[in-house]
Amino acid sequence: MTSVNSTIAVLGGTGKEGSGLAFRWAHAGRKVVLGSRSADKAVAAAAELNALLAGRSTIAGMDNLAAASAAAIVVLAVPFAAQRATALEVRQALQGKILIDVTVPLAPPRVDKVQLPEGGSAVALLQRELGAGVRVVSAFQNVSAVHLRDPQHRLD
């Protein structure tokens with residue numbers, strides 16, 4: 001039996017890292033929904049992943065707010081420039097949930113170096129913005145999107 005409590009939403013699930021994480025979790029049997037600013041884009045990305053899963057599992061696609069509302073665990077896998085706006089857009093749907101922030105604070109023009117915001121931690125800043133009703137954690141920044149799409153590749 002699958003319930004909202006076992007669903008993982010990946011906001012930014014149409015990108016390389018987000019779709020790779022979604023694929024791995026679905027491949028392992030978890031219920032996954034992809035979120036995007038565009039529901040149509042999320043549905044198309046979900047269809048592509050479902051083809052790779054070959055009936056092993058089914059991933060759904062929807063807009064970010066619907067995806068965040070449908071899950072107990074929400075993964076934020078958007079570019080750093082969209083991190084804050086995306087999280088604040090779905091703030092109400094995140095209450096009582098865990099938000100896993102996959103973003104890395106890379107800011108143009110030097111996207112080859114981490115550029116920490118004032119205060120030193122992008123995730124701590126996001127936690128303050130979202131409030132105590134959301135548990136914000138940071139993870140998966142060093143997992144290769146290429147390796148995520150290969151179920152034979154072992155991940156530590």
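# Close-up views of a predicted model

**View 1. S57 is buried, with a relative accessible area of 13%.** Buried means under 20% relative accessible area, exposed over 50%, and partly exposed in between (1.4 Å probe, protein chains only). This is a predicted model: local features need pLDDT of at least 70, side-chain atom pairs count only at pLDDT 80 or more, and totals for chains, interfaces and linings use all residues. Residues are numbered from 1 along each chain as its sequence is written, and side-chain values use heavy atoms, with hydrogens and water left out. S57 sits in the loop between helix 2 and strand 3 (59-63). Helices (H or I, at least four residues) and strands (E, at least two) are DSSP runs, numbered from the N terminus. Not counting residues up to four places away in sequence, S57 touches A26, R30 and N50. Contact means heavy atoms within 4.5 Å.

**View 2. A54 has a positive phi of about 50 degrees.** A54 is not a glycine. The residue lies in the loop between helix 2 and strand 3. S57 lies in the loop between these elements too. A54 counts as exposed because its relative accessibility is 67%. S57, by contrast, is buried.

**View 3. S19 is a buried residue of helix 1.** Helix 1 spans residues 16-27. The relative accessibility of S19 is 3%. A polar atom of the S19 side chain lies 2.7 Å from the backbone oxygen of G15. Leaving out residues up to four places away in sequence, S19 touches G13, L49 and R149.

**View 4. Helix 1 crosses helix 2 at roughly 40 degrees.** Their axes come within 10 Å. Axes are lines fitted to C-alpha atoms, for helices over the stretch in contact, and angles run from 0 to 180 degrees between N-to-C directions. The angle therefore makes helix 1 oblique to helix 2. Angles under 35 degrees count as roughly parallel, over 145 as roughly antiparallel, 65 to 115 as roughly perpendicular and the rest as oblique. The crossing of helix 1 and helix 2 is right-handed (the near helix is turned clockwise from the far one by less than a right angle). Helix 1 contributes S19, A22, F23, A26 and H27 to the contact. Helix 2 contributes L49, L52 and L53. By class, the residues of this contact are 6 nonpolar, 2 polar and no charged. Ala, Val, Leu, Ile, Met, Phe, Trp, Tyr, Cys and Pro count as nonpolar, Asp, Glu, Lys and Arg as charged, and the others, Gly among them, as polar.

**View 5. E48 lies in helix 2 (residues 39-53).** E48 counts as partly exposed, at 45% relative accessibility. T14 is 34 residues from E48 along the chain. Their C-alpha atoms are separated by 9.9 Å.

**View 6. Helix 4 and helix 6 pack at an angle of about 20 degrees.** Helix 4 covers residues 80-89 and helix 6 covers residues 122-130. The axes are 10 Å apart. The two helices are therefore roughly parallel to each other. Their crossing is right-handed. On the helix 4 side are F80, Q83, R84, A87 and L88. They meet A122, L126, E129 and L130 of helix 6. The contact residues divide into 6 nonpolar, 1 polar and 2 charged.

**View 7. L76 is a buried residue of strand 4.** Its relative accessibility is 1%. Neighbours within four places in sequence aside, L76 is in contact with L11, Q83, T86, A87, L99, I100, D101, V102, T103 and L126. Q83 and A87 also take part in the packing of helix 4 on helix 6, as does L126 from the helix 6 side. L76 and W25 are 51 residues apart in sequence, and 15 Å separates them in space, C-alpha to C-alpha.

**View 8. I73 is a partly exposed residue of strand 4.** The strand spans residues 73-76. I73 has 24% relative accessibility. I73 and I8 are 65 residues apart in sequence, and 5.0 Å apart in space, C-alpha to C-alpha. I8 is also among the contacts of I73, with T7, A9, I98 and I100, leaving aside neighbours within four places in sequence.

**View 9. A132 is found in the loop between helix 6 and strand 6 (135-138).** A132 counts as exposed, at 82% relative accessibility. The C-alpha atoms of A132 and G96 are separated by 8.8 Å. Along the chain these residues are 36 residues apart.

Key: A polar contact is a pair of N or O atoms within 3.5 Å; within protein, one must be able to donate a hydrogen and the other to accept it, and residues adjacent in sequence count only if both atoms are side-chain atoms.
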